[in-house]
There are 2 protein chains.
Amino acid sequence: VSSVPTDEFPSASEHVTQETINRYADLSGDYNPIHVDEAAGAASEFGGTIAHGPIALQTFFRSLTEWLEAPAPPAGTVINITFRAPTRPGDTIHCELRERDGDEIATECLNQDGTTVISAKATIPQ
Amino acid sequence: VSSVPTDEFPSASEHVTQETINRYADLSGDYNPIHVDEAAGAASEFGGTIAHGPIALQTFFRSLTEWLEAPAPPAGTVINITFRAPTRPGDTIHCELRERDGDEIATECLNQDGTTVISAKATIPQ
């Protein structure tokens, strides 16, 4: 990737289910009850199970690579993520471009209720 | 989590295989050839398939949550990631604490050859 694209930021939208989370637990070996045990989730501060961090980031990565028209962020890419709220089973997440300054972009990833789950910035090396 | 733990940063170590990547493709629907097609990977600038971004981050998240003794980063957690090199099938990744300043930590995630694949900082809300 030799330059940052100038087109609109793609609004990839992804749906997360308990099945997505369970399969990620199998893949990663991370079976923390907060992710996979509905009773433990319900008894927690979150009031239900929540997605693993990498799953919560999935929509942002998908949008970023579509925007870059590249299979992966190029080496040197810096990503700054603030976790605002948990991603839960049943959520549909999409990310919106909020600000752009040259090779830096600021996005917000929202669930179907309009709650920001992740604020993410990326700086693409030139 | 009311305070940042003071113990050593745990050195979670995770092994990534083509099977891990294929299962993540099934889970996310991201079948970009750079991840799942060995011939396409071999013909690319990377010389082989590479892991999806969230898979590359998995070891850092695992280490961070073990360090926090929490199932998930608390709301307000800021994570700053620089992608240095691709994570490839066969890699075993572990993360090391390099610097700590109060509630900010800086880590490096290395593969089995000692190559840094990701530099990651985290700031934990108090």
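The legends below describe close-up views of a predicted model. Local features need pLDDT of at least 70 and side-chain atom pairs count only at pLDDT 80 or more, while totals for chains, interfaces and linings use all residues. Residues are numbered from 1 along each chain as its sequence is written, chains are lettered from A in the order in which they are written, and side-chain values use heavy atoms, with hydrogens and water left out.

**View 1. Chain B laid on chain A.** A turn of 180 degrees and a shift of 0.0 Å along the axis place chain B on chain A with an RMSD of 0.0 Å (least-squares superposition on the C-alpha atoms of residues with pLDDT of at least 70 in both copies). This is the relation of a two-fold axis.

**View 2. The contact between chain A and chain B.** Each chain is represented in the contact (heavy atoms within 4.5 Å): 34 residues come from chain B and 34 residues from chain A. About 2800 Å² is buried between the chains, and carbon and sulfur atoms give 61% of that area; buried area is the accessible area (1.4 Å probe) that two parts lose on being put together, summed over both. On the chain B side, B:Leu27, B:Pro71 and B:Phe83 lose the most area to chain A, together 22% of what that side buries. Because 100% of the interface residues of chain B are also interface residues in chain A, the copies meet through the same surface.

**View 3. Helix H1 of chain A against helix H4 of chain B.** The axes of H1(A), residues 18–28, and H4(B), residues 53–68, come within 12 Å and cross at roughly 75 degrees. Axes are lines fitted to C-alpha atoms, for helices over the stretch in contact, with angles running from 0 to 180 degrees between N-to-C directions; helices (H or I, at least four residues) and strands (E, at least two) are DSSP runs, numbered from the N terminus. The two helices are therefore roughly perpendicular (65 to 115 degrees). A:Tyr24, A:Leu27 and A:Ser28 meet B:Pro54, B:Ile55, B:Gln58 and B:Arg62 here.

**View 4. The open sheet and its chain B end.** 10 strands follow the order E1(A)-E3(A)-E4(A)-E5(A)-E2(A)-E2(B)-E5(B)-E4(B)-E3(B)-E1(B), with antiparallel pairing (at least two DSSP bridges between two strands). E1 of chain A and E1 of chain B are the edge strands, each pairing on one side only. In chain B, three bridges join E1 (residues 13–15) to E3 (residues 92–101), and B:Ser13 has B:His94 as its partner.

View 5. Seven bridges pair E3(B) with E4(B), residues 104–110, in the antiparallel sense. B:Leu97 stands opposite B:Thr107, and B:Cys95 has B:Cys109 as its bridge partner. Two residues lie between the strands, and B:Gly102 in the turn has a positive phi of about 60 degrees.

Terms used: Angles under 35 degrees count as roughly parallel, over 145 as roughly antiparallel, 65 to 115 as roughly perpendicular and the rest as oblique.
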